[in-house]
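Here is a short report on a metal site and some ring contacts. Look over the sequence and the model, then read on.

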Amino acid sequence: MTRTGTFTWLLSFGLVLAWMAGAGEGLPAAENKRPPNFVIIFTDDQGYADVGCFGAQGFETPNLDRMAREGRRFTNFVVGQAVCSASRVALLTGCYPQRVSILGALGPRSPVGINQREVLLPELLKPRGYATCIVGKWHLGDHPRFLPTRHGFDEYFGIPYSNDMWPFHPGTNVFPPLPLLHQERVVAVNPDQHYLTTWYTEYAVDFIRRNRNRPFFLYLAHNMPHVPLFVSEKFRGKSKQGLYGDVIMEIDWSVGRILDTLRELQLDRNTLVIFTSDNGPWLSYGNHAGSAGPLREGKGTTWEGGHREPCIMWWPGRVPAGTECREFCATLDLLPTLARLAGASLPEHKIDGHDIWPLISGQPGAKSPWKAFYYYYYGYELQAVRSGRWKLHFPHRYRTLAGEPGRDGLPGPYKIVRTGLELYDLETDVGERHNVADKHPEVVRRLQALAEEARRDLGDSLTGRKGRGVRPPGRVEW
Ligand code: MG
């Protein structure tokens with residue numbers, strides 16, 4: 001679909017949108033006080049250092065930097081697993097991806113997707129009167145049974161998996177045409193990706209406007225800056241760093257549009273906005289990848305460069321302005337925290353995240369609620385465990401660049417290397433460079449004991465264990 005064609009299509013929604021806006025106003029308000037709105041902006045493959053106030057070089061992010069000045073920066077914030085589908089399911093279920101059996105990155109026509117018995121964040125919020133919307137990348141299964149409209153979202157506009165899973169992939173020709181969906185209908189095939197960030201932003205702003213009079217949950221999951229990179233004319237050539245910087249500057253513009261809309265509608269004092277990304281940079285893409293700054297490695301590893309993300313939270317009057325949280329917390333915490341703020345019930349089944357409102361609201365002396373956090377990769381390999389300042393890696397394989405990375409949209413090669421049993425003190429060595437296992441045998445033993453709990457519960461293919469607390473994925477036949 002051309003740019004004009006897609007805009008015509010978007011405009012053709014006018015009547016439908018107007019009707020929906022009217023319908024929204026007639027809905028009963030939530031009991032008691034109106035619960036807060038939530039906006040989660042979730043980018044794809046953005047590195048820890050790819051935001052101005054996290055150390056970006058060669059491009060500026062004035063809107064994200066302002067968001068941080070008016071809100072709170074989280075410098076010790078991780079995702080559930082350092083790859084797309086697994087990271088997204090952790091955010092939306094509050095569970096480790098291993099618990100809900102959504103692992104890695106699902107391909108088109110995946111026979112596996114989110115199980116209908118899982119309870120996603122929008123499903124928790126709907127009984128409290130929320131309008132719910134996802135704009136952008138879904139990636140929990142593209143069969144109709146797995147789509148967001150079947151899992152708690154009233155509205156969906158976006159791509160059901162990664163934007164490189166299309167016929168123009170630089171390294172493989174296995175992918176079918178890439179669909180752009182509205183609800184469950186394909187509205188474009190192989191859409192012009194130059195306009196994805198713009199279209200998503202305009203849809204998101206429109207959703208906010210239509211639902212200004214009721215509580216809403218907006219999940220804006222940009223496809224960018226996942227390769228292939230695309231940017232509209234608005235930002236082409238704007239950064240000193242090249243196309244990757246241009247793309248981030250456009251995402252920053254998008255953040256500004258969302259925050260300005262909330263201010264204009266006087267919703268800013270009743271809306272919690274959270275910005276973060278699904279995993280670290282895809283380093284083999286070289287100048288089309290981001291930067292994890294001082295952190296080791298990137299996407300697809302259990303080193304901090306894969307798991308730790310830039311995160312900013314903003315809610316004027318409730319989240320203290322211009323502050324920083326250094327306590328450990330994770331995307332898994334958002335479901336229980338937002339449920340609490342909304343007065344919603346938690347799922348009856350086990351979840352792994354914790355209510356971190358004391359950290360978000362800056363309560364004096366608030367500490368991380370995590371006794372241990374488990375870093376998995378390659379499905380069920382328990383590769384590392386974290387407790388407090390300590391992170392213990394178990395012997396495992398991981399990928400690292402084999403020489404020079406790729407350029408201009410073509411990936412360079414990885415090689416597989418091994419690490420031993422290695423202990424790192426993340427407070428003094430965030431780059432995981434100095435193995436101190438020999439100096440702290442008691443810490444190694446304590447973290448090994450914590451890992452045993454995870455192996456019993458979630459399994460560990462490195463030690464041949466199956467977890468008792470693992471729930472099955474959804475399955476379909478195409
Ligand atoms: Mg990703």
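Is D44 buried or exposed? D44 counts as buried because its relative accessibility is 0%; buried means under 20% relative accessible area, exposed over 50%, partly exposed in between (1.4 Å probe, protein chains only).

This is a predicted model: local features need pLDDT of at least 70, side-chain atom pairs count only at pLDDT 80 or more, and totals for chains, interfaces and linings use all residues. Residues are numbered from 1 along each chain as its sequence is written, and side-chain values use heavy atoms, leaving out hydrogens and water.

**The magnesium site**

The protein donors of the magnesium ion are D44 (OD), D45 (OD), C84 (SG), D278 (OD), D278 (OD) and N279 (OD1). They lie 2.1 to 2.7 Å from the ion. Donors are N, O and S atoms within 2.8 Å of the metal (3.2 Å for Na, K and Ca); water is not among the atoms, so sites may look incomplete. Along the chain, their spacing reads D-D-x38-C-x193-D-N. D44 and N279 are 235 residues apart. N279, too, counts as buried, at 0% relative accessibility.

**Charges over rings**

Two charged ends sit over rings. A charge sits over a ring if NZ of Lys or CZ of Arg is within 6 Å of the ring centre and within 35 degrees of the ring normal.

| Charged residue | Ring | Distance from ring centre |
|---|---|---|
| R72 | F74 | 5.9 Å |
| K234 | W253 | 4.5 Å |

How values were computed. Helix = DSSP H or I, 4+ residues; strand = E, 2+ residues; numbered from the N terminus.
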